[in-house]
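Trainee: I have a model open and would like to learn how to read it. Could you walk me through a few features?

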Amino acid sequence: MIVKVLGSSAGGGFPQWNCNAALSRLAWDRDDRVAARTQSSIAVSAEGDGWIVINASPDIRQQIAAAPELQPRRGGPARNSPIEAVILTNGDVDHVAGLLSLRERQPFRLYATARILSILEQNSIFDVLAADVVERIAVDFDEPAAPLEVSGLDVEAFPVSGKVPLYLEDQNAGAAPGTQIGDTIGLKITSTGSGTLFYIPGCAFIGGDLLGRLHRADCLLFDGTVFTDTEMIELGVGQKTGRRMGHVPISGEGGSLHAFGESAITRKVYIHINTTNPILKSGSEPEQAVEAAGWEIAFDGMTIEL
Ligand code: MLT
Ligand code: MN
C-alpha cells in the first residue's frame, strides 16, 4: 500500500492568506526553517494504479499538479484520472471545497457519512458533480462497521470525537454547537499483504476506545493541528482553543503526545498542522520534543509504504 501526503496543513494552509504571526511570516519570507504546506489531504493506493483521495482540499488542483501518480494516464482516453474514489472524514471547508474542482464529468465514487452527504445535498453548488457520474455512497460507522472495498483497499470507518463544520455551528448552543456523531470519522485502511494505516486528521478527544483501536497500528496519521490548546488566542490570531475547534492539542494533559506515549504504533505522523503550530519550524523546541517522542511531522509530498 502506498500513502502519499498531498497536503499536510490545517484549513487555510501554511501560511494562511492573511496570517502575519511569526511562523507565517517566516513562510512568507521563504525562510529555510519552514516549508509551506497545502491543505489536509492524502492519497492511498494498493499498488499505484488506482488511487483514493481522502478529503478534497481547496488546493487539490495544485496537489494533483505536484503528484504525477494522480495525473491522467498517458495514452488513456481523452478524459481519464487514476483517482477512483474520494472519501471525506468530515464536512469542513478544507476537506470538501476541492470537490468543486473535480467536475468535467469524470466518474468517481464519493464516500462520506450520511450526515456529511446530506450537507453536500443541501448545498446545490456540489451538484456540479452530476449524480449520474459521481456516485455518492454513505459510509457506515456503526460497530462493527462493514469494511468497504474501495479500489483494492479495505476501508473501515469509525466515529471520533469532533465537531460540526464551522459554517453549521449553532451560535446559540454554547459549548456544544450542534455536533452529532457522524460529523467526524477516522479511517482504518489495509490491503492484502500490507500494513494497517489509520487516518485521523481531526480528533477532539483521545479516549480508551480509540487508544485500544490504534494500539498496534503500523502507521497513524493523526491530528497535529495545534501544539498548545490556547496558541491561537495567545498569538492574537483567533478566539478559540484547539479543543473548541475539534482538535486535541499535541502538548499538555490529555494531549496526543501524552495519550499515545505508551502505544505500540510503529509510525506516528502528525498531519493537519495549523499555521500557528511551532512544530512547523525546524529546530524549534516543540519540533524536537515531538520527534524525541517518536513522532514524524508530515510534509507535502511525503510518501509512506506499508
Ligand atoms: C478545522 O479543521 O477545524 C477546520 O478546517 C477549520 C476551518 O473550517 O477552517
Ligand atoms: Mn480542517
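**Reading a sheet and a metal site**

Mentor: Let's start with α8, which lies across β12 and β13 and runs at about 135° to β13. Contact means heavy atoms within 4.5 Å; axes are lines fitted to C-alpha atoms, for helices over the stretch in contact, with angles from 0 to 180 degrees between N-to-C directions. Helices (H or I, at least four residues) and strands (E, at least two) are DSSP runs, numbered from the N terminus. This is a predicted model, where local features need pLDDT of at least 70, side-chain atom pairs count only at pLDDT 80 or more, and totals for chains, interfaces and linings use all residues. Residues are numbered from 1 along each chain as its sequence is written, chains are lettered from A and ligands numbered from 1 in the order written, and side-chain values use heavy atoms, without hydrogens and water.

Trainee: In what order do the seven strands form the open sheet?

Mentor: Strands of a sheet pair through backbone hydrogen bonds, either parallel or antiparallel. Here the order is β7-β8-β9-β10-β11-β12-β13, with mixed pairing (two strands pair if DSSP finds at least two bridges between them). β7 (148-150) and β13 (295-297) are at the edges with a single partner strand each, so one side of each has no neighbour in the sheet. β12 and β13 run parallel, joined by three bridges.

Trainee: Which residues coordinate the manganese ion?

Mentor: D94 (OD) and H272 (NE2) coordinate ligand 2 at 2.1 to 2.2 Å. Donors are N, O and S atoms within 2.8 Å of the metal (3.2 Å for Na, K and Ca); water is not among the atoms, so sites may look incomplete. D94 lies in helix α3 (residues 93-96) and H272 in the loop between β12 (267-271) and α8 (285-292), so the pair ties together parts 178 residues apart in sequence.
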